[in-house]
Amino acid sequence: MSFVIEARGLGKQYGRRWALRDCTLALPAGRVVGLVGPNGAGKTTLLHLTVGLLAPTSGSIRVLGTPPAEGPEQLGRVGFVAQDTPVYARLSVAQHLRMGAWLNPSWDRQIAESRIEKLDLDPRQRAGTLSGGQRAQLALTLAIAKRPECLILDEPVASLDPLARREFLRSLMEVVAAQGMSVVLSSHLIADLERVCDYLVVLAGSRVQVAGEVSELLASHHRLSGARRDASSLPASQEVIEESHTDKQSTFLVRTSDPVHDPAWTVRPVTLDDLVIAYMSRPAACERAHQPQLKVMS
Amino acid sequence: MIRFTWLQFRVQARVAVAALLAFAVVLMVTGPHLAGMYAGSGITACHGGACEAAAGRFLSRLAITGPYPIVYELGIGLILAVPAIVGIFWGAPLIARELENRTFALAWTQSITRTRWILVKLALTGLAAVAVTETLSLIYSWWAEPISKAISLQGPYPVASEFGGGRLSLVIFASHGITPLGYAAFGFALGTATGALIRRPVPAMAVTLAIFAAAQIAMPLRIRPHLIPPARTIASGPSFVQSAGVNLGNLTATVVPGQPGAWIISSGAINAAGQPVTTVPAPCIPPPPAKPPDPGHCMDSRGIREAITYQPASRYWPFQWIETGIFLALALVLAAFCFWRLGRRRT
Amino acid sequence: MIEFQLDTTSGVATYLQLVQQVHQALQLGLLEPGDRLPTAQQVVAQLAINPNTVLKAYRDLERQGLVRARPGQGTFITRSLPRTDPAVQSRFLGSMTDWLRSARAAGLGPDDVEAIYRTAFRSCFAEGVA
């Protein structure tokens, strides 16, 4: 299996603060990877490290087998759409496409122009006067027309209205279906990710909390409800992700590869929503319990 | 990348060309008449001492004729200002605007390395800045050639203050020869470096202006005088009078005897023991209606002489090369700073 | 041609919903052997979902023997759903009824039975387990 992104102990420090720490990932190629986490968790930092806009303070990262932004060829294989989709406000849509053609040897004019036409964008319109959704579509066109093997998007739909958001994701999925590239997409909106992602990475507290195939994660996490008991009384094969107690009842969200047969439990499946929120709350919960935080590797 | 740099630079280039053309029109309109006046002044056919008189007549006529003094000074002003202007309006926003608008996230993820991006932008825009300055300098010196020739033929005492000053004087030196190129390169590189450091175009423009102005003031007042160790001389007797306006009670030298066009850095009267003398002794300039004695002998008999520190006019070109070299070197250092500052650790 | 729907609130995985909708269409007679299923691109254009999900659903259907993918042409229905033998069904209904009776006699209530059933169901029909 080939990996689109491999990170080992990756970290980025600004002064005293670690924006990202101990990040170890192996994202398989050919997937749509969702990167979820609260604001300030390090999503943008990780993605900027991926495309070479930042250099690591510790650890290493390889994208498509080479360090990021190592040379023009590597840059040509990775497409990037930055947060808030920056464009040159004074240049027109057509001038942006010309920029793409000049700066990318692998630029496919056909793809770029047919997309602009299909999206009903006026080539002569200045990019600064486009709506948020149109700008996002322009940025996506610029990223994919050079036929990259891998596409990285930093919260591309965060500031879009629901219709523009759906249109963008639809457009993105059509491109994936047509060109078959790997995608890494960050967002703090879980609902969007459920439709499009088949691999999930949860970042919280500047660390990776969990990473794995969505189907595997959903199958291996369960919510157990039963009589009040301590987390340590659970078998070692069941890793407790989240726990809550009343005086008579305990509920645990556990991760386990074995089926749960204990009749004392009511076992319910976990939605992706619940799973992500549980992992996102983990750093705060661990701090409260003063426990060393265990990192989950898939 | 070259074509894209041009795409982003188009508007600024057009403004510069328009301004150059406007000034060129002014020069072309006034040039022929100036040349005519020069041809009719008799300077071309003069010999020896008559040249000084002819030049004096030409220049004093010019000083009161219509637009010529204005155009002359405007040209000098423009050549002095252009390096600052390109630094502020071309240099400061070059990198800072991309950082402020975050379009670097778009630019640095195309199939072009960051190094090449900076290199092409800096090189092309910098070359344009130097080219604009050089063009301005060339068309102006073509127009002002008659005036420059006449000035060089003048005696030690300029007849018209508008056209005064030898080649080494403060304003003339910075606007003639090759120094404008050095200033243009420095101004531009300074702008880009402050832009890379401050990351916002408007504050970078302000800081560039401040630093550039400080450099342009510090250089002639503090640094240039010492780039080559200055020469010293003592003037006594009649040459004392020639150099300083003793008759008027003035002890500061305005002319170096035997060194026409020299740049006087400092001067002062000293007595026989080498101590400074600040006032002319009363007997040498008695109040009217008493008849003043010969001031030269008067000072000499008291052992008072004028000590002058100066740079001779013959050092004009060495100064030009040294100063241009200094500013070009500074420009290269600032450009290297841009590369370093934008390295990937620092975004 | 069948048009897929997506229910995001049901908690059922997307690819399973696609598989189930093909099953339902076959049972209702809306799909017959020889019909072509929409391409991954067409499904994606309509639902804005991951194309891998569509491919996974189609692979599952192919494993079940219901469809076949012809390269360059599309994915086609090969046969209709097997109807389970009514005799087999009534046999299992009988054994289930007997089991329920003895559980009730042993004192288990409806909720106990439900819990036991769900545990057994999950471990038996969980993905990848025969």
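Chain B has 12 helices and 4 strands, where helices (H or I, at least four residues) and strands (E, at least two) are DSSP runs, numbered from the N terminus. The model is predicted, so local features need pLDDT of at least 70 and side-chain atom pairs count only at pLDDT 80 or more, while totals for chains, interfaces and linings use all residues. Residues are numbered from 1 along each chain as its sequence is written, and chains are lettered from A and ligands numbered from 1 in the order in which they are written.

How spread out is chain B? Its radius of gyration is 25 Å, well over the 20 Å that the globule rule gives for 347 residues, so chain B is more spread out than a compact globule. That radius is taken over C-alpha atoms, and the globule rule is 2.2 Å times the number of residues to the power 0.38. Along the principal axes, the C-alpha atoms of chain B fill a box of roughly 85 × 50 × 30 Å. Of its 347 residues, 37% count as buried; a residue is buried if 20 or more other C-beta atoms lie within 10 Å of its own, exposed if 12 or fewer, and partly exposed in between, with C-beta atoms placed from the backbone. Two residues are in contact if their C-beta atoms, placed from the backbone, lie within 7 Å. Among contacts in chain B between residues at least 6 apart in sequence, 79% join residues at least 24 apart.

Buried residues make up 46% of chain A. For contacts in chain A between residues at least 6 apart in sequence, 71% link residues at least 24 apart.

Next come the domains of chain A. The assignment gives domain 1 (3-205) and domain 2 (220-289); such bounds come from an automatic or database domain assignment. The centres of the two domains, taken over C-alpha atoms, are separated by 34 Å. Their contact takes 8 residues from domain 1 and 7 residues from domain 2. On the domain 1 side, α7 (190-196) and β8 (199-204) of chain A each supply at least two residues. That side divides into 5 nonpolar, 2 polar and 1 charged, where Ala, Val, Leu, Ile, Met, Phe, Trp, Tyr, Cys and Pro count as nonpolar, Asp, Glu, Lys and Arg as charged, and the others, Gly among them, as polar.

In soluble globular proteins, nonpolar side chains tend to be buried together. A nonpolar core here is a set of buried Ala, Val, Leu, Ile, Met, Phe, Trp, Tyr and Cys residues joined through C-beta atoms within 7 Å. The largest one has 171 residues, and A:V33 and A:V202 have the most contacts inside it. Helix α3 (residues 68-100) of chain B gives the largest share of this core, 14 residues. Apart from this core lies another, of 21 residues, including B:F173 and B:C284. As for A:V202, leaving out residues up to four places away in sequence, the residues it touches include A:V36, A:Y279 and A:M280.

One residue of chain A, A:D274, lies in helix α9 (residues 272-280). Is A:D274 buried or partly exposed? A:D274 is partly exposed, because it has 17 other C-beta atoms within 10 Å. Its C-alpha atom is separated by 9.2 Å from that of A:L253, 21 residues apart along the chain.

Now for the contacts between chains. Where chains A and B meet, the contact takes 18 residues from chain B and 21 residues from chain A. On the chain B side, α1 (2-39) and α4 (104-107) give two or more residues, and α1(B) gives the most, with 3 residues. That side splits into 7 nonpolar, 7 polar and 4 charged. Elsewhere, 24 residues of chain A are in contact with 19 residues of chain C. On the chain A side of this contact, α6(A) gives the most, with 8 residues, and the residues divide into 13 nonpolar, 4 polar and 7 charged.

In chain C, helix α4 (residues 86-105) reaches 29 Å from its first C-alpha to its last, close to the 28 Å expected, the expected span being 1.5 Å times one less than the number of residues. The helix is hardly covered, with 0 buried among its 20 residues. Just after α4(C), C:G107 takes a positive phi of about 105°.
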